[in-house]
Amino acid sequence: MAPIPSINSRTTSSNWQSKVEMLKMASISRLISQTSSGATSRRVLAGILLACAGTLASAAAPTIAISDGWVRWLPGELPAAGYLTITNNGDKPVTLVGMTSPDYGMAMLHQTTNEGSLSKMIMVDKLTIPAHGKVQFSPGNYHVMLEQPKRSLAPGANIQLQLKFSDGETVVAPLPIKPPGTTQ
Ligand SMILES: [Cu+2]
């Protein structure tokens, strides 16, 4: 399945960052116009361009990426199960500490466990994704239990899921709804 786009909550802070960059650029161009020697200003300018390229490159890859998301829908008011893959591109582990959805009254992290022939679900408070690692939700293991739909939902529609992480980041992922028989 193709990776689904996720909207990163750091947009606000990067807007702020780009404002800082603009201020920096403004004071730098003032500095250049004050420099009398043309050769010096060209050297200064080259250095600035290199520095800016570095800033842009480091801001490009989000630390946390959500992919392969979908929801196994059940009719009526029955709970649905959400599945996705969380990838941590960072150098430190990150922990999923909570989830909410504007489309459901409750979104909880569950894990299906097997005890002999008995299969049951347990609530999970937090889930750590190792540095440069990923955790894949799947039927029979981790899933998002979605209860109390707030609107009429059916296969073909999308729901929004907000995932909160221990580093303060919130990632919003759109998950397509699939029919009850879907297994992957
Ligand atoms: Cu469950």
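This is a predicted model: local features need pLDDT of at least 70, side-chain atom pairs count only at pLDDT 80 or more; totals for chains, interfaces and linings use all residues.
Reader: Why is Pro-174 called partly exposed?
Author: Pro-174, which is found in strand S11, has 14 C-beta neighbours inside 10 Å. A residue is buried if 20 or more other C-beta atoms, placed from the backbone, lie within 10 Å of its own, exposed if 12 or fewer, and partly exposed in between. The count of 14 therefore puts Pro-174 in the partly exposed class.

Reader: Why is Ala-80 called buried?
Author: Ala-80 has its place in strand S3, and with 23 C-beta neighbours inside 10 Å it therefore counts as buried. Leaving aside its neighbours within four places in sequence, Ala-80 is in contact (C-beta atoms, placed from the backbone, within 7 Å) with Val-71, Arg-72, Trp-73, Leu-74 and Leu-146.

Reader: Why is Gly-76 called exposed?
Author: Gly-76 is found in the loop between S2 and S3, and it counts as exposed because it has 5 C-beta neighbours inside 10 Å. In space the C-alpha atoms of Gly-76 and Leu-153 are 9.0 Å apart, although the two residues are 77 residues apart in sequence.

Reader: What makes a set of residues a nonpolar core, and how many residues has the largest one here?
Author: Such a core is a set of buried Ala, Val, Leu, Ile, Met, Phe, Trp, Tyr and Cys residues joined through C-beta atoms within 7 Å. The largest one in this chain has 28 residues, and those with the most contacts inside it are Val-71, Leu-84, Leu-161, Leu-163, Ala-173 and Leu-175. Strands that each supply at least two residues of this core include S2 (64–72), S3 (80–88), S10 (158–165) and S11 (170–178). In soluble globular proteins, nonpolar side chains tend to be buried together.

Reader: How do you know that S10 and S11 pair?
Author: Two strands pair if DSSP finds at least two bridges between them. Leu-163 stands opposite Val-171 in S11. S2 and S11 also pair, in the parallel sense, over two bridges, with Arg-72 opposite Lys-178. S9 is joined to S3 by three bridges and to S5 by seven bridges, each time antiparallel; in S9, Leu-146 has Ala-80 opposite it and also Ala-107.

Reader: What is the phi of His-132, and where does His-132 lie?
Author: The phi of His-132 is near 55°, a positive value in a residue other than glycine. Most residues other than glycine have a negative phi. His-132 lies in the loop between strand S7 (127–129) and strand S8 (133–136), and it is exposed because 12 other C-beta atoms lie within 10 Å. Gln-148 in strand S9 likewise has a positive phi, of about 60°, and is exposed with 12 other C-beta atoms within 10 Å.

Reader: What is the mean pLDDT of the chain?
Author: The mean is 80, and 67% of the residues reach 70 or more. Over residues 8–20 the pLDDT is below 50, and beyond near neighbours in sequence this stretch has seven contacts in the model.

Methods. Residues are numbered from 1 along each chain as its sequence is written. Helices (H or I, at least four residues) and strands (E, at least two) are DSSP runs, numbered from the N terminus. Two residues are in contact if their C-beta atoms, placed from the backbone, lie within 7 Å. pLDDT is the predictor's confidence in each residue, from 0 to 100.
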